[in-house]
Amino acid sequence: MVTLDTRTLTVPVGIVRMLEVVLTCISFSLVASVGHIGSSYWAWCMFTWVFCCFVTLFILIMEFTTLHARVPISWDDFTTAFAMLSTLMVLAASIIYPTFFTCASCGKQIAATVTSCLAFILYTTEVGLTQAKPGEISGFLSTVPGLLKVLEAFVACIIFISLDHGLYSQFPGLQWCVAVYSLCFIFALIIILFTICRLLSLFPFPFDKVLTGYNVLAVLMYMTCVVIWPLYSFQNNHSRPSGCGRTCYWDNLVVVAFMTCFNLVVYIVDTVYSFKLVFFVTAA
């Protein structure tokens, strides 16, 4: 029997989620009314608003009907990971969409950007409301290392939508970089899914040590990409072509190079944090 819990809609997190649904719905409705644009960046923005809107609505319905208690997953980990992911996705959409698809006289596009920025603020608030506090017992994805895993996966997604197959398919070095992005993304996704589905016990070795070893390997691989990607992609292509439009391929190369460096920093922070938890906390 389904029990309705109205309290889930009146607590701060519930109110924030309802506003998120409204704002993301307005964003994708306004952009859809303008018309389709054949760009991976446009598709990313639309996917972001639609995905965040309906998954947030799903969470609201599940908690309002108390059906989330019957789901065989770690619900707190799922909602925390989704809030973090949505924050990053909406932030990216709020930057990408006005950069490439908005002009001074584009009323609907400007309105969609404003509602998207407001949605980003709300998702940031939700992360703050759901993140684990010191001394509080919670799931892995509610902790700093868990949130870093979500961030690493998100940055990889931004890299993927910026890749140009026609370019990296010509150079083995760039193919290595794409392989690194893919492998690290897959492993981060596996950790997130295993955590949500409560399958971490299936790891044949201690999870914290497996995570530390993976982080070290990811740092080493990303270090090679930080050198190799700009070396090959900007070869004989050191500056932005003068005749390039707003969605210039050269800009995509810069985005990939920057995000590669950014993800390297995230992996280094994750590795340092993992070492601290495994070797120093355990020893203490």
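## A tour of two helix pairs

Start by selecting the contact between helices α2 and α3: G14, R17, M18, E20, V21, T24, C25, S27, F28, V31 and A32 on the α2 side touch W42, M46, W49, V50, C52, C53, F54, T56, L57, I59, L60 and E63 on the α3 side. Sorted by class, this contact holds 16 nonpolar, four polar and three charged residues. The model on screen is predicted.

Now show the whole of both helices, residues 12-34 for α2 and residues 40-64 for α3. Two packed helices are described by the angle between their axes and the distance between the axes. Here the angle is about 150° and the axes are 9 Å apart. The crossing of α2 and α3 is left-handed.

Stay with α3 and look at its ends. After α3 comes T66, with a positive phi near 60°. How far apart are the end C-alpha atoms of α3? They are 35 Å apart, which agrees with the 36 Å that 25 residues should span at 1.5 Å a residue.

Next, select α4 (residues 75-101) and α6 (residues 144-162), which pack at an angle of about 35° with their axes 10 Å apart. Their crossing is right-handed. To see the contact, pick T80, A81, M84, L85, L88, M89 and A92 in α4, then L147, V150, L151, F154 and I158 in α6. By class, this contact has 11 nonpolar residues, one polar and no charged ones.

Finally, colour the spans that the unreviewed UniProt entry annotates as "transmembrane region"; among them are residues 81-103 and 213-232. Residues 81-103 are 91% helix and 0% strand, with end C-alpha atoms 34 Å apart. For residues 213-232 the values are 100% helix and 0% strand, and the end C-alpha atoms lie 29 Å apart.

Technical notes. Residues are numbered from 1 along each chain as its sequence is written. This is a predicted model: local features need pLDDT of at least 70, side-chain atom pairs count only at pLDDT 80 or more; totals for chains, interfaces and linings use all residues. Side-chain values use heavy atoms; hydrogens and water are left out. Axes are lines fitted to C-alpha atoms, for helices over the stretch in contact, and angles run from 0 to 180 degrees between N-to-C directions. Helices (H or I, at least four residues) and strands (E, at least two) are DSSP runs, numbered from the N terminus. A crossing is left-handed if the near helix is turned anticlockwise from the far one by less than a right angle, and right-handed if clockwise. Contact means heavy atoms within 4.5 Å. Ala, Val, Leu, Ile, Met, Phe, Trp, Tyr, Cys and Pro count as nonpolar, Asp, Glu, Lys and Arg as charged, and the others, Gly among them, as polar. The expected span of a helix is 1.5 Å times one less than its number of residues. UniProt positions are given in the numbering used here, feature names are shortened, and annotations may be inferred rather than shown by experiment.
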